[in-house]
Amino acid sequence: ISKLNDPLLLADVAIRCSHKQMGLLALERMDGSQQCMFAEIVKSLAANGDEEIARHERLTGKKLERFHKADVAEAAMERLTDSALLVDLAAENSRSDWVRLRAIEKIDGRHQEAFAKIIKSVGSVDYSTVKWSTTQRTVTEATLAKLTDQNLLVEIVQSDPSVDVQRLVMEKLSKEAQPVFAQLAKHSRGDIGEKAAERLTDQVLLADVLESSDNYRVRRVVLRKLDGSHEKLLLELVKNESEDQDIRSECIDKLSNAHQALFIKIAQRDPSERVRSKAIGKLDGTHDNLLIEIIKKGSESWDIREKCLCKLGDAHQAFFAKLAKKDPSYSVRAEAVRKLHETHQNLFAEIVKNDPEHKVRRAAFMRLDDSHPLAFFIDIAHTDKDDEVRRAAAERICTTKDLHEWEGCTCRRCGTARDEDHIWEDAWI
């Protein structure tokens, strides 16, 4: 080795000699200007190492922790300083993991175009057929850590076919890249559109995305970020009955209360119950007659009628009493009970005794005051079919533990079951 000066022959010895120390000595004899030779040594030894490791795993079932000439390859990499050669090593998807990552570390941060080339090489693989590997993610993240040029980042995110690369690059974009976010929100697939919409803050671009995008999730994100200055667009979306009902509902939420005529029209007739419910919720307190008319319609759904009932003022006590007793919907009856004044104690007691639905009985029982006789609560505590109603009645009868009259494990006054711990206490005594 000490007599050998030819760089080609020294490189050949470093690559082909089976003795590791001989390879290292051959590297030491090579001049630092032989950058292409160092790159060739790294490529050859890395490829040979991968093959040797794979062969060993096939034969033994165990993977080699380290190729026996890895030290030679690493020493050659340390001697390599040419940026173009380093970029070529980092940009090849078939190259070994450590080679690519070490090459990225050695590239000077001023070579922004080189980092862009590496990221584009990662994204050039068709990941619909090739799984996005941990190495590819690691290489991309390591390269992005050194890529700061916003123009190059924009170019990559607009042209790269890989969703995974787009997702990572977009996180590096500054907030000034609003047109790019708008473009991605409108045209990207997967969750890229949603992430781009989350980064959007420009109200004009938000309105444009809402109007032109066909991605439901993106439009929901954009609509949440849109302020109330786009009422014309919001009105168009609300009036379009073929529009998605969730979008229309959120648009109604964004509208000011000045559009009462529109809310009335939607509340009276609209194909979407969700949209009607939102419109009813936006009505002011001057439309009680309309709300009562909707409640009286037997063909209306129970949730629309309940929503109207919630909006009614307290002045319609007789109407509430009638609904609490006779309405076919238990949810409407329960809401009517909650709307009644405290003076309807007899009606509350009647509902607790006779209504077949436990939710209505619970609502009525919660409205009872202490004017009812103890016998009434005792009867409810022993006969009602609902556990919560019986428990509430028992609390009205025996307000403290001292009032319980235990008969075995049950209080004969309120029917409450006694804690089983008393059995062990009595046995100990």
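Trainee: In which helix is the place of M22?
Mentor: M22 belongs to helix 2, residues 20-29. Helices are DSSP runs of H or I with at least four residues, strands are runs of E with at least two, and both are numbered from the N terminus. This is a predicted model: local features need pLDDT of at least 70, side-chain atom pairs count only at pLDDT 80 or more, and totals for chains, interfaces and linings use all residues. Residues are numbered from 1 along each chain as its sequence is written, and side-chain values use heavy atoms, without hydrogens and water.

Trainee: Why is M22 called partly exposed?
Mentor: Buried means under 20% relative accessible area, exposed means over 50%, and partly exposed is in between, with a 1.4 Å probe and protein chains only. M22 has 33%, so it is partly exposed.

Trainee: What makes I1, M22 and L25 a nonpolar patch?
Mentor: Patch members have over 30% relative accessible area and no salt bridge; nonpolar side chains (Val, Leu, Ile, Met, Phe, Trp, Tyr) are joined within 5 Å, and like charges within 9 Å. A salt bridge is a side-chain nitrogen of Lys or Arg within 4 Å of a carboxyl oxygen of Asp or Glu. I1, M22 and L25 form such a patch, with about 200 Å² of accessible area together, by the Shrake-Rupley method with a 1.4 Å probe, where only the protein chains shown count as cover for residues.

Trainee: Why is helix 22 described as largely enclosed?
Mentor: Eight of the ten residues of helix 22 (residues 330-339) are buried, so the rest of the structure largely encloses this helix. Among the buried ones are R333, E335 and K339. They pack against helix 20, helix 21, helix 23 (345-354) and helix 24 (358-366), where contact means heavy atoms within 4.5 Å.

Trainee: Which residues touch the most other members of the largest nonpolar core?
Mentor: They are I41, I118 and F365, in a core of 128 residues. Helix 3 (residues 35-60) gives the most to this core, seven residues. A nonpolar core is a set of buried Ala, Val, Leu, Ile, Met, Phe, Trp, Tyr and Cys residues joined through side-chain atoms within 4.5 Å.
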